[in-house]
Amino acid sequence: MNIAIVGAGLMGRLLALSLLRQKQSSSVTITLFDKDNKLAHHSAAYAAAGLLTPLGESLHCQPNIVSMGFESLRLWPSLLDSLHEHTMFQQTGAIMVSHEQDKGDYQRFVRHLKNNYPEQASYSLNRAELLELEPEIGRSFNQALYLPQEGQLGNRRLLVALRKQLEKESPHASTGNRLNWLSECQVVEINTSEESSSLGYIKGGDKHSQQFDLVIDCRGTGATSKNSHDTCAPLADLRSVRGELFQLFAPEVNISRPVRLMHPRYQLYIAPKGKGFYVVGATEIESDDDSPMTVRSAMELLSAAYSVHPGFAEANIRQHVSQCRPAFSDNQPKITVQDTLIQVNGLFRHGFLIAPVVLKQTLAVIDNRINNTEIALPYADLFSGIVAG
Ligand SMILES: Cc1cc2nc3c(=O)[nH]c(=O)nc-3n(C[C@H](O)[C@H](O)[C@H](O)COP(=O)(O)OP(=O)(O)OC[C@H]3O[C@@H](n4cnc5c(N)ncnc54)[C@H](O)[C@@H]3O)c2cc1C
């Protein structure tokens, strides 16, 4: 059997590895296409902060995303343990803070958690308690909310670890499945029928075409109608949402867990990445523009970071990143099935937060498609967006 995966970002890599490891009645050849090289520096997955903070996100998303987040936090450790290369995974909680003038937003968030997620642990800290938990943050704030189950992972390390694992496990010793990774190969045409799908792609300036039993489309924002040709199965309702963030080197700053600053206009987070590195982000702008960061965004992000910890004044700016997140109009992830084409998209600002759940659900959809079965999907209750084309 021949399966194509289009897009080697977050979902494409996770799906390729799972399919490589999964035994089918006959061996499978997986062809993984990406227009980028294997470093994936133009993917949303590379740009991201890697926060796994379901409660922190809960003001901006539906409760099913929060549930997917908690379930994924449970699934990530075994997924990461199955990779040879180490990826940072931390679940030591996150801290929400606000300045005195923005206390209203902070109190609204505390009430929101109490009313909507009473079963999830959250602790109000006074200054002394905050000083004990995060000594350098306690100097700037009188109170904070501690959410002990929130986490984060090293998203860039994960992309590297997945690449190495895919190379190591092909051909797979027990399943006999193989991976053929075609990088710098832009897919420009997808034609699907009941029996097979054909892909047209550009490699080294030449157009090629190949037939597959099944195509799994994980192009992220590459599948919006603006970025995709008419013949390339655009997802009509998909849009791009711009996000910008900084990577700072601040060896004098000691923060050990993600910190979110409540603010009326934007939500800033500071994610410690180890060895003095911090990610400070992220804007959310309704635009498909991925040009470099604007001065306005830079000023807002950096001044907010400085207000959380004055030590950021001496930080080196190592990188500023702008990239778009793929989102449907309801901001829900969707798995769309049409003949021999399965499209997985719309992970929006929650890709890492919900990836293990989306992965399991997609694998079940693929299994049903390959084996012509209708076995119940594992997350039917959480996953509203499964559409048969
Ligand atoms: C600034 C920012 C911060 C974020 N922070 C977080 C966070 O803290 N936590 C979290 O959970 N999520 C976060 N996200 C969201 C997360 O990164 C995305 O939801 C996730 O990466 C989407 O995964 P994907 O596989 O669908 O797309 P991507 O990771 O973007 O991968 C798509 C791949 O498809 C390839 N491609 C596109 N078109 C074609 C084509 N025609 N032919 C071949 N290849 C193609 C691209 O090159 C790319 O490699 C953030 C995103 C951004 C932009």
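Okay, let's start with the layout: the protein chain splits into domain 1 (2-45 + 156-235 + 329-388) and domain 2 (94-148 + 240-327), with bounds from an automatic or database domain assignment. Keep in mind that this is a predicted model, where local features need pLDDT of at least 70, side-chain atom pairs count only at pLDDT 80 or more, and totals for chains, interfaces and linings use all residues. Residues are numbered from 1 along each chain as its sequence is written.

Taken over C-alpha atoms, the domain centres are 33 Å apart. Domain 1 puts eleven residues into the contact and domain 2 puts in nine; contact here is C-beta atoms, placed from the backbone, within 7 Å. On the domain 1 side, we have three nonpolar, six polar and two charged residues. For those classes, Ala, Val, Leu, Ile, Met, Phe, Trp, Tyr, Cys and Pro are nonpolar, Asp, Glu, Lys and Arg charged, and the others, Gly among them, polar.

So where does the ligand sit relative to the two domains? Both domain 1 and domain 2 give residues to the shell around the ligand, so it lies between them. There are 42 residues around the ligand, and Gly7, Gly9, Gly220, Gly222 and Gly351 come nearest; the cut-off is a C-beta atom, placed from the backbone, within 6 Å. Elements giving two or more residues to that shell include α1 (10-21), β14 (239-249) and α10 (351-371). Helices (H or I, at least four residues) and strands (E, at least two) are DSSP runs, numbered from the N terminus. By class, the shell has 21 nonpolar, 15 polar and six charged residues.

Now the sheet. Eight strands make an open, mixed one, in the order β6-β7-β5-β15-β16-β17-β14-β18, where pairing takes at least two DSSP bridges between two strands. At the edges, β6 (123-126) and β18 each pair on one side only. Inside that order, β16 (268-274) and β17 (277-281) run antiparallel over five bridges, and Ala271 stands opposite Val279 in β17.

Helix α9 (295-308) packs on the sheet and touches β5, β14, β15, β16, β17 and β18, at about 70 degrees to β16. Axes are lines fitted to C-alpha atoms, for helices over the stretch in contact, with angles from 0 to 180 degrees between N-to-C directions. Helix α5 (103-116) lies across β5, β6, β7 and β15, at about 140 degrees to β5.

How values were computed. Contact = placed C-beta atoms within 7 Å.
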